[in-house]
Amino acid sequence: RTVDASRTLTGNRLTDPGNRQIIALADATAHILIARGAVDKFNVAWIAGSSDLSTTLTEAIACVNANGRGTIYIPSGEWTTNGGHALTGGITVEGDGFSTAGIGTRITLTSTTTSIFTIGENIYDVLFCDLVLDGDSLSATDGILCTGTFPNSSRNIRCEGVKFENFTHGFRLRGSGGWQTASISFDAFC
C-alpha cells in the first residue's frame, strides 16, 4: 500500500508481517500512524524501501512519539542514514545485536558534521540496545549527541550492547550555561 503525498495512514490493528516492506511513503509529506498497542515494536522494514533509513527513522520516531513512547526495531542488516534524528522521550532504539561474523544491525552515517541520533533538552528515558553505530570515518561526527542549554536537563539515557565505530565522538555531551544530563549508563561492552 502506498501513502500519497500530504496524507497519513492510520492503523489501529496490525498483524506483524515480519521484516518486509508493507507500506510505501510517496514522499516526505506522507506519514503513517500506528495506534498505541497495535504492535509491540515499530519495525523500520515495514516502510523502508531501501537500506537508507534517513526518512524511515524520522517517520518511525514521529509515530512512536505520537503514542507517547515505544520501541523502534531495526532488523539485522547494513543500514545507512544521513543522520540528525532527534529523539523524544520514552523511545527504545533496538537492533539485533552484532557478531564478528558481521551478522546483526549496523547503521552507518553518510553525512559529515552531524550525529546519527540527537537527544535534546527535557528528554527522558531513552534506550539504545544491540546496535553498531558507524561514523564511516567521516569528519566531525557523533554517534549519539546529547545537547542543551541551562536550566533544562535530560536523564535516563542508556546504551546496552551498543558498539560505536569510526566517529569523532561515539557518545557526546555538549551543552552551555551548565546544562546537564543525569543518569547516563553504559553496559560493560560499550
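Let me begin at G68, which has a positive phi of about 90° and comes just after α1, where helices (H or I, at least four residues) and strands (E, at least two) are DSSP runs numbered from the N terminus. Please keep in mind that this is a predicted model, in which local features need pLDDT of at least 70 and side-chain atom pairs count only at pLDDT 80 or more, while totals for chains, interfaces and linings use all residues. Residues are numbered from 1 along each chain as its sequence is written, and side-chain values use heavy atoms, with hydrogens and water left out.

Helix α1 itself covers residues 54-66, and its 13 residues should span 18 Å at 1.5 Å a residue, which agrees with the 19 Å between its end C-alpha atoms; the expected span is 1.5 Å times one less than the number of residues. Among the buried residues of α1 are L57, I61 and V64, buried meaning under 20% relative accessible area with a 1.4 Å probe and protein chains only.

Now to the rings: how many aromatic pairs does a search of the whole structure find? There are three, counting rings of Phe, Tyr and Trp (its six-membered ring) whose centres lie within 6.5 Å, with planes under 30 degrees apart called stacked, over 60 edge-to-face and the rest tilted. The rings of F42 and W46 have centres 5.9 Å apart and planes at 50°, so this pair is tilted, and both F42 and W46 are buried. F117 and F128 are also a tilted pair, because their ring centres are 5.4 Å apart and their planes at 50°. Since F117 lies in strand β11 and F128 in strand β12, this pair ties together parts that are 11 residues apart in sequence.

Methods
Buried means under 20% relative accessible area, exposed over 50%, partly exposed in between (1.4 Å probe, protein chains only).
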